[in-house]
Amino acid sequence: MIDHTSIQRRGRYVQTPVAGEMVRAFVPPPLPPEPKIDVLQMLEKLSLAERALGRLDGITMLLPRQELFLYMYVRKEAVLSSQIEGTQSTLTDLLRFETEAASGEPIDDIREVSNYVDAMMYGLERLQELPLSLRLIREMHARLLQSGRGGTKNPGEFRRTQNWIGGTRPGNALFVPPPVTKLDTCLGELERFMHEDQSKLPALIKAGLLHVQFETIHPFLDGNGRIGRLLVTLYLCVNEVLRTPLLYLSLYLKTHRSEYYRLLQEVRENGNWEAWLDFFLTGVAETANQAFDAATRIVRLFKEDRDRITGKSDRAGSALRIHDLFQQSPFLSATQLVQRTGLSAPTVNAALADLQRMGIVTEVTGRKRGRVFSYQRYLTIISEGTEPLPQSG
């Protein structure tokens with residue numbers, strides 16, 4: 001029996017010449033899908049996802065310093081999103097790089113992650129004066145590829161040549177996105193969908209649709225995956241589903257990446273948006289619950305350690321000031337602590353010795369000079385899931 005829903009929702013293939021061969025490039029139909037998404041069948045998943053996001057928003061309001069949690073979470077997302085693209089950097093590498101501490105990781109890998117943090121923060125700030133739009137997406141892309149390996153891939157510019165996914169050339173690729181001649185039309189339709197309200201689709205559903213459509217159009221020569229994942233969070237912030245940008249799906253997509261790629265293809269080939277949205281909403285709920293759990297544990301850790309310092313340190317005043325700085329940056333050198341606290345070097349060193357004795361901080365270089373300390377238990381909570389993917393042989 002022919003499924004007319006899937007036929008109507010499928011995109012079309014167009015023959016396009018690339019490097020001396022004719023290839024079939026895929027052009028997706030505009031959003032929203034027709035026939036309409038059956039929102040009723042996913043109400044339970046939608047409600048669980050919305051409830052988890054509400055709970056996450058609630059706990060972040062209780063955090064003593066909300067911007068610190070955001071600072072760390074943005075960096076965690078940058079690491080995970082970049083790992084999906086093949087970098088081997090960890091959160092520890094990035095934080096030590098930012099603290100100007102020594103690190104053995106390839107500098108290009110860390111720079112890519114650092115660029116991602118910059119692109120994300122830039123996008124969030126720019127939303128104060130610019131709507132979510134193709135222009136904003138291009139500006140973020142320019143920041144993402146501003147240095148490192150992406151510098152030669154037209155930062156901030158939509159592609160003017162054919163790209164492809166998988167395979168050694170377009171002719172044997174797993175997927176060939178729309179040809180350049182169709183790109184402006186596809187992107188214009190995408191931008192229109194960002195702002196339409198006739199479909200009455202919930203913002204979470206629209207975010208899931210936008211992500212797939214962006215990945216299918218693949219408008220840049222590099223960085224599409226990272227920008228496409230950022231798009232979800234930005235869209236939810238603009239539409240006030242999130243008050244703070246704390247939902248990042250990269251850990252979920254990294255963990256279930258084969259299913260993720262399969263479902264993207266399932267939408268393209270069979271118009272099966274419901275299967276993708278089911279997966280997407282499950283991911284939103286899981287991710288929000290993990291972030292809620294991490295925030296709760298971090299609040300508890302900070303309180304326990306402050307109580308221990310107050311009760312057991314001979315120099316509680318200076319030790320608490322230093323502990324406060326470690327909450328902002330889990331890697332700090334003794335020199336930086338002297339500069340930031342205004343305390344003398346002997347006072348800082350004595351307070352650090354106290355914090356080491358209590359097991360709150362650990363010295364990580366093994367050196368006598370230029371010592372760097374880490375707030376290890378804090379790092380452990382925030383780093384969960386950020387081990388690099390195994391490299392294929």
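How are H13 and H15 oriented to each other, roughly parallel or roughly perpendicular? In this predicted model, local features require pLDDT of at least 70 and side-chain atom pairs count only at pLDDT 80 or more, whereas totals for chains, interfaces and linings use all residues. Residues are numbered from 1 along each chain as its sequence is written, and side-chain values use heavy atoms, with hydrogens and water left out.

Two packed helices are described by the angle between their axes and the distance between the axes. The axes of helix H13 (residues 316-328) and helix H15 (residues 345-357) come within 9 Å and cross at roughly 75°. H13 and H15 are therefore roughly perpendicular to each other (angles of 65 to 115 degrees; under 35 counts as roughly parallel, over 145 as roughly antiparallel, and the rest as oblique). On the H13 side, the contact is made by Ser318, Ala319, Ile322 and Phe326, and on the H15 side by Thr347, Val348, Ala351, Leu352 and Leu355. Contact denotes heavy atoms within 4.5 Å. By class, this contact of H13 with H15 has seven nonpolar, two polar and no charged residues; Ala, Val, Leu, Ile, Met, Phe, Trp, Tyr, Cys and Pro count as nonpolar, Asp, Glu, Lys and Arg as charged, and the others, Gly among them, as polar. Axes are lines fitted to C-alpha atoms, for helices over the stretch in contact, and angles run from 0 to 180 degrees between N-to-C directions. Helices (H or I, at least four residues) and strands (E, at least two) are DSSP runs, numbered from the N terminus.

The bond from Leu31 to Pro32 is cis, with omega near 0°, and the bond from Glu34 to Pro35 is cis, with omega near -10°. Leu31 is also among the residues in contact with Gln213, together with Pro28, Pro29, Pro30, Leu190 and Trp273, when neighbours of Gln213 within four places in sequence are left aside. Gln213 lies in helix H8 (residues 203-217) and is buried, with a relative accessible area of 5% (buried means under 20%, exposed over 50%, partly exposed in between; 1.4 Å probe, protein chains only).

Positive phi values occur at His218, about 45° although this residue is not a glycine, and at Glu240, near 60° in a residue other than glycine. His218 is found in the loop between H8 and helix H9 (224-238) and is buried, at a relative accessible area of 14%. Glu240, in the loop between H9 and helix H10 (250-255), is exposed, at 68%.
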